[in-house]
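I opened the file to look up a few things and kept notes as I went. The entries are in the order of the look-ups.

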Amino acid sequence: LITDTRDATHLGLQFAPPRIDLNGVRGHWLKVVDTMSKNLAFLCKARKVEYVNGRGTFRDGRTVQVEGGVAYRFEHCVVATGSTPVRPPAFFGTNNPRVMDSTGALQLEDVPPRLLVVGGGYIGLEMGYVYAALGSKVTVVELTEGLLPGVDRDLVLPLHKRLETLFDKIYLRTKVVKLEDVKGGIKAFLEGADVADKEPVFERVLVAVGRKPNTRDIGLDKAGVAVDDKGFVTVDEKRRTTSERIFAIGDVAGEPMLAHKATYEGKIAAAAILGEKAVYDVRAVPAVVFTDPEIAWCGLTETEAKKQKREVKKVKFNWLASGRAMTLARTEGVTKLLIDPETERVLGVGIVGVDAGEMIGEAMLAIEMSATAKDLALTMHAHPTLSETIYEAAEDFYGVATHKAPSKKN
């Protein structure tokens with residue numbers, strides 16, 4: 001098993017005002033990572049898995065050479081080398097350590113007075129939220145028309161409104177032309193209609209414009225493993241590569257680049273190696289943005305439905321009517337279901353609000369089991385809980401949501 005040490009962007013730690021002690025956060029983070037690493041080492045030993053630390057490259061389709069060590073001949077191999085942050089050097093033109101990627105930002109070495117986040121995707125917003133909570137004045141620059149490109153706008157809106165109170169500035173439809181080293185910081189040259197200061201200076205810059213698969217310089221060509229034009233390993237439904245004995249999982253095997261998708265694929269590959277009937281055939285992959293509020297979704301999104309010109313029935317339940325959300329003083333949330341109007345099957349679920357990531361598991365089960373809106377509506381939920389918003393949204397498909405006034409047509 002060839003693997004990488006992932007950064008911990010998705011540990012799911014919640015950071016919220018008032019300001020947080022940096023040493024306490026860093027100490028807790030290091031303790032969590034250390035504990036998880038030791039647990040994995042223990043599990044390897046318990047399962048009689050030999051762990052070798054070193055850079056491995058393929059000699060051929062049956063052999064992996066560890067740098068400074070021995071060569072291993074294998075019956076089967078699983079490539080899980082993960083991904084690294086994209087950092088276009090020609091675009092930003094600086095090697096100043098003040099310019100960080102997500103891995104560097106996670107080290108939490110200090111709290112910069114002013115932080116520029118280049119990219120309004122999930123990594124940029126998660127890390128920007130952390131640093132804002134620690135006391136930084138955070139500016140986010142996003143090239144497209146909205147934060148979290150590709151995510152349904154009605155889910156992003158509550159988060160955007162909250163981030164406007166936490167971040168110093170959010171610039172949309174804005175481009176970072178270049179970064180320049182100056183005394184005590186980095187000068188950013190910005191292009192955008194709404195930008196007043198075109199050349200602001202920041203103590204640190206976080207570049208969060210995506211990730212790329214770690215498939216270069218590991219000898220995949222020598223092993224007969226094909227990659228596509230984006231650098232992803234070509235795999236079939238069993239996660240087998242173009243080399244019969246080699247499998248690939250996780251970020252190297254294609255989008256979405258999510259840890260739980262990698263784990264799931266690993267189980268499929270292991271079963272396939274053992275000769276079992278197993279294929280990667282999921283109806284949905286859950287995604288969570290660990291900001292506050294969280295955003296979580298799975299299955300068909302409204303954005304995708306519009307692109308596909310697919311007819312769906314959208315039902316939403318606003319958390320203003322949730323007793324639990326009221327007790328938490330966090331009523332900005334929304335739970336949305338996309339339902340097939342003919343079969344009444346649940347096709348997609350989107351949630352924005354406190355603990356949205358904890359709630360998406362029920363939605364995943366509903367989609368995987370081909371549940372209908374009625375299945376959700378007739379499932380008893382504990383009260384008062386945020387999960388009630390799922391069944392109330394399902395009830396709204398029939399116009400009978402308990403805590404929502406019926407529409408005129410119902």
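**Ground rules.** I am working with a predicted model, in which local features need pLDDT of at least 70 and side-chain atom pairs count only at pLDDT 80 or more, while totals for chains, interfaces and linings use all residues. Residues are numbered from 1 along each chain as its sequence is written, and side-chain values use heavy atoms, with hydrogens and water left out.

**Whole chain.** I looked up the secondary structure and got eleven helices and 21 strands; these are DSSP runs numbered from the N terminus (helices H or I, at least four residues; strands E, at least two). The C-alpha trace spans about 75 × 60 × 40 Å along its principal axes. I compared the radius of gyration, 23 Å, with the value near 22 Å that a compact globule of 410 residues would have, and the two agree. The radius is taken over C-alpha atoms, and the globule rule is 2.2 Å times the number of residues to the power 0.38.

I found 47% of the 410 residues buried. The cut-offs are under 20% relative accessible area for buried, over 50% for exposed and in between for partly exposed (1.4 Å probe, protein chains only). For contacts (heavy atoms within 4.5 Å), I took residues at least 6 apart in sequence, and 60% of these contacts join residues at least 24 apart.

**Cysteines.** I searched for disulfides, meaning pairs of cysteine sulfur atoms within 2.5 Å, and the count is zero. The sulfur of Cys-44 has its closest cysteine sulfur in Cys-77, 15 Å away, which is too far for a bond. Cys-44 is partly exposed at 24% relative accessibility, whereas Cys-298 is buried at 0%.

**Gly-184.** I placed Gly-184 in the loop between strand 11 (175-182) and strand 12 (185-191). Its relative accessibility of 44% makes Gly-184 partly exposed. Leaving out residues up to four places away in sequence, I found Gly-184 touching Arg-98 and Glu-203. I also checked Gly-266, which is 82 residues from Gly-184 in sequence and 46 Å from it in space, C-alpha to C-alpha.

**Helix 11.** How many residues of helix 11 (residues 388-397) are buried? I counted ten of its ten, among them Ile-390, Tyr-391 and Phe-397, and also the acidic Glu-388, Glu-392, Glu-395 and Asp-396. The buried residues pack against strand 19 (313-318), strand 20 (334-339), strand 21 (346-353), helix 9 (356-368) and helix 10 (373-377). Gly-399 follows helix 11 and has a positive phi, near 75°.
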